[in-house]
Amino acid sequence: MNGRTGVVLSVGNEQYAVPADLRRWLRLRDGTCRFPGCTRPAARSDIDHTKAWEHGGPTDHDNLAHLCRMHHRLKHHTLWAVEQEPGGVLVWTSPAGQTTAPTRRPTSARPPPRHPNHRKPRPPSGRATRPKTRPSRSLAGSAI
Ligand SMILES: [Zn+2]
């Protein structure tokens, strides 16, 4: 669960299907297909389990990434390999064994700050507005 957005970011190994909330979150995070240099929009790409679900890869934001159909096939049917590091960072290894620099979408999945110019004014500090509680004279006098 992402505390900021309330989106469940992992449903673990129980469920293969990616919940709608998590799909939306991933679309924001990825923006496009995650193959280096590919600009196909995430909305028109598949969500791939980086480590195959049937091999124990969880349905988890750290194990999911958008791949367009072409690069999805490339991943599954060629010697290209990909690993995902925490934070949605993908490291691709070509059939020749060359590793690409970790790719990360520049866009953050965090929601933008709301109304940055309309911050709540801080409550005044140092001025206590507690009602003064002083024992009444009659009670103080009667204790003698
Ligand atoms: Zn692609």
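The term pLDDT denotes the predictor's confidence in each residue, from 0 to 100. The chain averages a pLDDT of 81, and 67% of the residues score at least 70. This is a predicted model, in which local features need pLDDT of at least 70 and side-chain atom pairs count only at pLDDT 80 or more, whereas totals for chains, interfaces and linings use all residues. Residues are numbered from 1 along each chain as its sequence is written.

**Figure 1. Overview of the chain.** Three helices and six strands make up the chain; helices (H or I, at least four residues) and strands (E, at least two) are DSSP runs, numbered from the N terminus. Along the sequence, these elements follow the pattern β-α-β-β-β-α-β-β-α. Of the 144 residues, 19% count as buried; a residue is buried if 20 or more other C-beta atoms lie within 10 Å of its own, exposed if 12 or fewer, and partly exposed in between, with C-beta atoms placed from the backbone. Two residues are in contact if their C-beta atoms, placed from the backbone, lie within 7 Å. Among contacts between residues at least 6 apart in sequence, 45% join residues at least 24 apart. Among the elements of the chain, β4 has the highest mean pLDDT (98) and helix α3 (residues 137-142) the lowest (53).

**Figure 2. Helix α1 and its buried face.** Helix α1 spans residues 20-30, and its buried residues are Leu-22, Trp-25, Leu-26, Arg-29 and Asp-30. Seen down the axis of α1, these residues fall within an arc of 120 degrees, so they line one face of the helix; the arc is that of the directions from the helix axis to the C-beta atoms. An α-helix has 3.6 residues a turn, so residues three or four places apart point the same way. The cover over the buried residues of α1 includes β2 (46-49) and β4 (64-67). Gly-31 follows α1 and has a positive phi, near 80 degrees.

**Figure 3. Arg-23 in helix α1.** Arg-23 is found in helix α1. This residue is partly exposed because 17 other C-beta atoms lie within 10 Å. Apart from neighbours within four places in sequence, Arg-23 is in contact with Val-18 and Ile-47. Ala-43 is 20 residues from Arg-23 in sequence, and the two are 9.6 Å apart in space, C-alpha to C-alpha.

**Figure 4. Asp-46 in strand β2.** Asp-46 lies in strand β2 and counts as partly exposed, with 14 C-beta neighbours inside 10 Å. The C-alpha atoms of Asp-46 and Leu-67 are separated by 5.3 Å, although the two residues are 21 apart along the chain.

**Figure 5. The largest nonpolar core.** A nonpolar core is a set of buried Ala, Val, Leu, Ile, Met, Phe, Trp, Tyr and Cys residues joined through C-beta atoms within 7 Å. The largest one has 13 residues, of which Leu-26, Cys-33, Ala-65, Leu-67 and Leu-90 touch the most other members. At least two residues of this core come from each of α1, β4 and β6. With neighbours within four places in sequence left aside, Cys-33 is in contact with Cys-38, Arg-40, Ala-42, Ser-45, His-66, Leu-67, Cys-68 and His-71.

**Figure 6. The hairpin of β5 and β6.** Strands β5 and β6 run antiparallel and are joined by five bridges; two strands pair if DSSP finds at least two bridges between them. Three residues lie between the strands of this hairpin, and Gly-87 in the turn has a positive phi of about 90 degrees. Glu-83 has Val-91 of β6 as its bridge partner. In β5 (residues 81-85), Val-82 and Gln-84 form the covered face, whereas Ala-81, Glu-83 and Glu-85 form the uncovered one. In β6, Leu-90 and Trp-92 form the covered face, and Val-89, Val-91 and Thr-93 the uncovered one.

**Figure 7. Trp-92 in strand β6.** Trp-92 is placed in strand β6 (residues 89-93). Trp-92 is buried because 20 other C-beta atoms lie within 10 Å. Its contacts, neighbours within four places in sequence excepted, are Pro-36, Trp-80, Val-82 and Thr-100. Arg-34 is 58 residues from Trp-92 along the chain, and their C-alpha atoms are separated by 9.8 Å.
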